[in-house]
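Could you walk me through this structure in the viewer, one selection at a time? I would like to know what to pick next and what is there.

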Amino acid sequence: MNINKVEEGIFKVLMKTSTLLVLVSLFLIIYSILQKGLPSLSWAMITQTPKGGFFLGKGGGILNAIVGSLYLAGGSTILGLFISLPVALYLNVYRTKTSQFADFTRLCLDVLWGIPSIVYGAFGFAIMLLIGLKASLLAGIITLTLMVIPIMVRAMDEVIMTVPKGLIDASYSLGATKIETSIKVVSKQVLPGILTAVLISFGRSIGDAASVLFTSGFTDRIPTSLMQPAANLPLAIFFQLSTPIPEVQDRAYASALVLTVIILLISILSRIATKKFTKHKSLV
Amino acid sequence: MKGLTYFSIALLFLILIGLIYKSVPILKETSFGNLFFSTEWQPLKMKFGLLPFIISTLYVTIVAVVISVPLCLLTAIYLSEYADKRVIAFVNPLIDILAGIPSVIFGIWGIIEVVPLVRDYIAPAFGTTSSGYTILTGGIVLSIMIFPIIIHVLLEVFETIPEDLKNASLSVGATKWQTVKLVILRKAAPGVISAIVLGLSRAFGETLAVLMVVGNVIMIPISPLDPGYPITALIANNYGEMMSIPLYDSALMLASLILFVIVLVFNFISRRILKNIERKIA
Amino acid sequence: MKKETEILVPLMTEVCDEGNICVEGLNVYYGDRQALKDINITLPAKKITAIIGPSGCGKTTLLKCFNRLIDSIDGTKVTGKVMLNGEDIFDPHADVIKIRKKMGLLSQRPYPLPMSIYDNVAYGPRIHGIRKKSELNQIVEYYLREASLWDEVMDRLNTPASGLSIGQQQRLCLARGLAVKPEIILGDEPTSALDPISSAHIEKKFVEFKNKYTIVMVTHILRQAIRIADYIIFMYLGEIIEHGPAHQVLDNPKDKRTSDYIKGIIS
Ligand SMILES: Nc1ncnc2c1ncn2[C@@H]1O[C@H](COP(=O)(O)OP(=O)(O)OP(=O)(O)O)[C@@H](O)[C@H]1O
Ligand SMILES: [Mg+2]
């Protein structure tokens with residue numbers, strides 16, 4: 001009898017410890033990025049593009065990477081939204097919420113969601129070769145868009161699914177066509193869902209390096225057209241860290257801090273946006 | 001609308017076809033054995049042995065899962081069965097934040113904290129020396145990266161277990177822990193396996209974080225304190241040269257195809273299982 | 001036949017004798033909402049008491065108090081006493097395991113544990129320390145017979161319990177509950193998910209068990225209450241409105257709400 005009590009006691013301690021460990025790992029990560037990055041973070045870092053010899057320790061900043069990342073993430077999120085919103089609406093309005101086709105589509109999207117970004121990168125690269133596109137902002141955006149489509153569709157889908165079916169039916173009976181129904185009723189109801197999807201995909205694409213590694217190129221300048229290559233934060237961090245020069249490595253930590261802050265902001269924003277919806281797919 | 005929906009399904013098959021198409025040249029030129037059972041990687045000599053990379057990937061993934069799964073199971077059981085609402089309300093958003101952290105940040109953190117830990121403490125404790133850039137380091141970093149997805153899926157699985165089933169066990173005088181151990185975990189077993197497989201496939205395809213801490217030495221790692229060179233790192237590190245050497249790009253595309261197929265199968269099976277669990281409950 | 005026995009039994013006793021479940025000033029809150037309001041009642045030993053009342057009136061909540069499953073719901077507050085054999089079930093020092101062992105539970109839908117038929121019945125005994133195979137064999141057979149299930153499953157004891165029909169599953173749950181030798185059987189609409197024949201099976205079992213166990217069951221089926229209950233408790237909005245011998249409550253309800261419910265006006 002008492003062996004049971006002891007066993008339960010031990011496991012309770014283990015459970016609490018594990019939970020604590022999971023949380024501590026998050027704080028540890030943020031703490032060490034802060035601790036390492038803060039000292040070398042400067043105004044110049046985030047307002048200047050790299051000067052000549054930046055990777056050898058000379059002056060300049062990572063503005064090229066910040067802007068490049070914003071372009072890449074912004075571009076792919078906007079493009080992704082144009083593709084994803086109709087799909088999410090189609091799944092919920094034209095198809096009954098539980099049709100086999102819709103289920104199969106959801107399964108495919110979930111599977112796509114799990115595909116490693118390096119595979120998207122390789123695929124995007126293959127497409128680039130096929131259509132004769134060079135490594136550029138455009139190629140990066142296209143690749144990232146492919147990657148965020150499943151994320152966006154499913155994020156919106158989860159929210160639209162919570163729209164009561166009666167509401168959609170009621171609108172039909174008022175004589176609205178299906179297209180009007182989709183746009184008016186559902187869009188209004190799912191605005192927070194769209195917001196979540198946008199934030200999740202923005203966060204995901206701003207932090208992803210593997211998929212743009214082959215496709216967006218890397219440059220010290222801020223791109224002025226879609227056909228120019230574009231830098232991005234994760235790769236800037238990676239390249240700075242790969243140099244043997246301590247000052248450059250320090251700047252990698254500072255860049256990591258910049259990226260972390262952006263990601264945390266997005267996390268907080270999407271929590272606020274989704275506060276009403278308890279059952280949403282989180283950033284997983 | 002319809003067209004875009006079909007497009008999103010087709011994307012899955014497009015990627016598959018694209019990667020197969022690009023992998024055909026190397027599969028034609030090189031024998032199966034030389035690709036998958038050879039340890040020789042010398043692109044200039046047209047030797048593309050993928051074995052060290054495949055082994056490294058498997059090794060890192062297994063280490064990550066072995067570390068992660070017990071912690072995630074304990075955490076998920078605690079959150080779903082023991083913790084009160086305030087704890088859950090506090091923990092959930094933090095796990096979501098962890099999920100959003102980009103892999104390059106995990107990689108940097110691995111270099112700052114985990115590499116020295118392995119180099120200065122773990123390796124000496126086992127009587128060896130190490131640079132700190134090892135399979136174990138990669139495994140530790142990855143294990144934390146996959147916390148959120150495993151915990152998230154586990155929580156959803158535990159949520160599907162009917163309260164009345166737990167009550168059935170409690171009502172014959174079982175303790176909460178006995179109920180967890182004998183009933184909940186057993187009932188949740190397929191879901192738990194799905195959660196693990198999803199975590200596994202996430203770890204499997206992770207690139208930058210692993211690449212930064214695992215050493216990238218082409219060899220077959222034996223001990224977890226050996227360095228390794230996972231498939232994803234192979235692809236990422238060689239994108240620059242791949243167009244200049246014949247068949248090199250095809251070899252890397254084949255590597256991507258391998259990743260894709262394995263992850264695809266893992267995901268498909270576990271999503272299927274999860275879907276069925278949901279349907280049975282509904 | 002049944003009527004005669006009922007005439008012989010006294011009115012619901014106010015004395016907290018051995019075996020009776022005596023509820024004294026019981027209040028239950030879910031958060032701020034009060035689900036049970038000052039419940040005072042004595043449920044007699046070795047009789048069938050049926051709890052009736054409209055949906056949401058607190059029947060399940062009352063049952064959950066008896067075996068303290070109410071504990072596992074977040075944010076509940078309980079005041080008052082439930083006395084059984086001279087001990088308060090809600091005494092902070094009370095042994096919850098021992099209390100639950102004394103009460104078998106049949107829920108609305110059968111919930112077989114995710115294991116074999118044999119293991120389902122052996123689950124309770126094993127938990128309480130019986131390990132010997134021969135002893136377990138005996139227990140399993142005895143209680144499966146008790147629940148009239150043995151003949152149907154004797155040749156497939158090691159197959160998963162989920163393979164049984166719903167009616168068989170409910171009898172299995174009965175056997176599982178009985179196997180820890182309870183004094184009390186609690187049933188929360190135990191036949192509502194079953195087909196008529198399986199329902200009849202369970203009802204028949206309850207009537208048979210009457211002399212061995214104290215049976216408390218929630219039911220929505222008035223005819224079922226008429227068929228098998230000795231006593232009836234009518235609840236409404238968390239209060240006990242009326243209670244007494246079955247025929248008295250059903251044939252001559254004193255309160256208008258009771259008669260309205262019986263006539264089907266409130267449901
Ligand atoms: N876990 C809970 N949290 C909050 N309120 C609850 C909970 N369970 C029940 N309640 C509320 O307590 C009241 C009584 O519920 P209870 O389940 O006891 O009713 P019932 O009489 O069994 O109803 P039914 O006939 O539908 O089973 C209801 O108003 C219900 O909404
Ligand atoms: Mg009820």
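Start by selecting Lys181(B), which is partly exposed with a relative accessible area of 33%; here buried means under 20% relative accessible area, exposed over 50%, and partly exposed in between (1.4 Å probe, protein chains only). This is a predicted model, in which local features need pLDDT of at least 70 and side-chain atom pairs count only at pLDDT 80 or more, while totals for chains, interfaces and linings use all residues. Residues are numbered from 1 along each chain as its sequence is written, chains are lettered from A and ligands numbered from 1 in the order in which they are written, and side-chain values use heavy atoms, with hydrogens and water left out.

The side chains of Lys181(B) and Glu7(A) meet in a salt bridge, 2.7 Å from N to O; the term stands for a side-chain nitrogen of Lys or Arg within 4 Å of a carboxyl oxygen of Asp or Glu. This pair crosses between chains, from helix α9 (residues 176-205) of chain B to helix α1 (residues 2-37) of chain A. Helices (H or I, at least four residues) and strands (E, at least two) are DSSP runs, numbered from the N terminus. Glu7(A) is also partly exposed, at a relative accessible area of 23%.

**The interface of chains A and B**

Next, show chains A and B together. Here 79 residues of chain B are in contact with 80 residues of chain A, contact meaning heavy atoms within 4.5 Å. The two chains bury about 7300 Å² between them, 80% of it on carbon and sulfur atoms; buried area is the accessible area (1.4 Å probe) that two parts lose on being put together, summed over both.

How many salt bridges are there between chain B and chain A? The count is 2. For another cross-chain salt bridge, select Arg271(A) and Asp96(B), whose side chains meet at 2.9 Å, N to O. On the side of chain B that touches chain A, helix α1 (residues 2-29) of chain B gives the most, with 14 residues. That side divides into 53 nonpolar, 14 polar and 12 charged residues. In this division, Ala, Val, Leu, Ile, Met, Phe, Trp, Tyr, Cys and Pro count as nonpolar, Asp, Glu, Lys and Arg as charged, and the others, Gly among them, as polar.

**Inside chain B**

Move on to Glu81(B) and Lys166(B). Their salt bridge has its closest N and O atoms 3.3 Å apart. The pair links distant parts of the chain, 85 residues apart, with Glu81(B) in helix α3 (residues 51-82) and Lys166(B) in helix α8 (residues 163-171) of chain B. Are these two residues buried or exposed? Both Glu81(B) and Lys166(B) are buried, and Glu81(B) has a relative accessible area of 11%. Display the surroundings of Glu81(B) too: leaving out residues up to four places away in sequence, Glu81(B) touches Phe158(B), Lys166(B), Lys176(B), Val180(B) and Ile184(B).

**Last stop: chain C**

Finally, bring up the open sheet of 4 strands in chain C, which has the order β2-β1-β4-β5 with antiparallel pairing; two strands pair if DSSP finds at least two bridges between them. At the edges stand β2 (33-43) and β5 (87-88) of chain C, each with a single partner strand, so one side of each is left without a neighbour in the sheet. Strand β1 (residues 21-30) of chain C pairs with β2(C) in the antiparallel sense over 7 bridges. To finish, select Cys22(C), which stands opposite Thr42(C) in β2(C).
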